[in-house]
Amino acid sequence: MRYIEPHAHMVSRVTDDYERMAIAGCEVVCEPAFWAGFDRSSAAGFYDYFCQLTGHEPARAAKFGLKHFSWLCINPKEAEDVKLAEEVIALIPEFLNCPNVLGIGEIGLNKNSRNELKVLEMHVALAARYHQLILVHTPHLEDKLKGTRLILDVLKSDRRIRPERVIIDHVEEHTVGLVLDAGFWAGMTLYPETKCSPARAIDILETYGQEQIWLNSACDWGISDPLAVPKTALEMKKRGHPAAVIDKVIYQNPKLFLGQCPKFKISSKDR
Amino acid sequence: MTQQQVLDLYFLDARHKLIEVAAFLDRVERADGKDDFRLKAFRAALGRLNDGQNEKVKQVLLAFSDPTTRPIAKAKGKSAAGAWAGKTG
Ligand SMILES: [Zn+2]
């Protein structure tokens, strides 16, 4: 089995996880910028983080034959402070030419506040100006439905944004239809307690089809599973899904979306 | 998959989860003090399982969701409770 992990926070994981992922068939890991679990005190903290995502982490992954790509932004959990967000967003353009940067993400909303929305709009404008792909985080739990609607409004109101170049992540049964119907890509996150289980993610694939959708673990510093994607592939197999369908969902689909960024190459031959 | 295949693959797991829900309700009802909006939302969501509607998981998720549409004035914290408290912030 081969797969792409399109959303993992490897800075929070031990090196053994890279080894386990490589053994399980992972070829590529993509890492959106996110909240560290505590608030950074200045834009300089983000500058160091962006250096980690574009330099140190790809080197750590390469030791296990894994390609590492990243996405840059200030995450919605730190977006209540608009002045800090402006300073961080001003840092991003100098990193956009790094060979492993795929776009702007994971931007979005957390508590659906006015300031979060303002910072989301700033990020969307940045992505439009520099022709970047966008990866969107939708809020957790009771805030997800409302947040997804607000995010869709922002994206649809900017005429420069093409939906097929945006993935809206952490969809569940009450939001996946909204996202796909509007022409965006949808990400399903396999995360204990708060997001999709493998069984539910496969239910969604069986109900909504296998176009413009991917699976990710979003493994981070919380209790989470860097092998959630291959475990879900195994469950698809148990349900009788053919190997070609499994390969489409865990390999071809992320390759198709991410390949819209010319820097995304899987190997020298780019199979 | 046929219904038999679904039952073979998922019945024991679903039975286990249902018993955990029952035990949670016994536990919280046995405890002293007051409940809050979370338990009320939980009971409302449980009700959606038996009202004959399709898309039960969607109905349960909607029962826990903030139905309002306007952004709140300010984010007071970062975490989510799992159920809407019923205020518009
Ligand atoms: Zn994430």
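Let's start where the chains meet: 28 residues of chain B are in contact with 28 residues of chain A, contact meaning heavy atoms within 4.5 Å. This is a predicted model, where local features need pLDDT of at least 70 and side-chain atom pairs pLDDT 80 or more, while totals for chains, interfaces and linings use all residues. Residues are numbered from 1 along each chain as its sequence is written, chains are lettered from A and ligands numbered from 1 in the order written, and side-chain values use heavy atoms, leaving out hydrogens and water.

The area buried between the two chains is about 2,300 Å², with carbon and sulfur atoms giving 60%; that is accessible area (1.4 Å probe) lost on putting the two parts together, summed over both. Two salt bridges are counted between chain B and chain A, each pairing a side-chain nitrogen of Lys or Arg with a carboxyl oxygen of Asp or Glu within 4 Å. One of them joins K78(B) to D39(A), with the closest N and O atoms 3.1 Å apart.

Now for the metal. The zinc ion is coordinated by H7(A) (NE2), H9(A) (NE2) and E106(A) (OE), at 2.0 to 2.1 Å. Donors here are N, O and S atoms within 2.8 Å of the metal (3.2 Å for Na, K and Ca); water is not among the atoms, so sites may look incomplete. Along the chain, the donors follow the spacing H-x1-H-x96-E.
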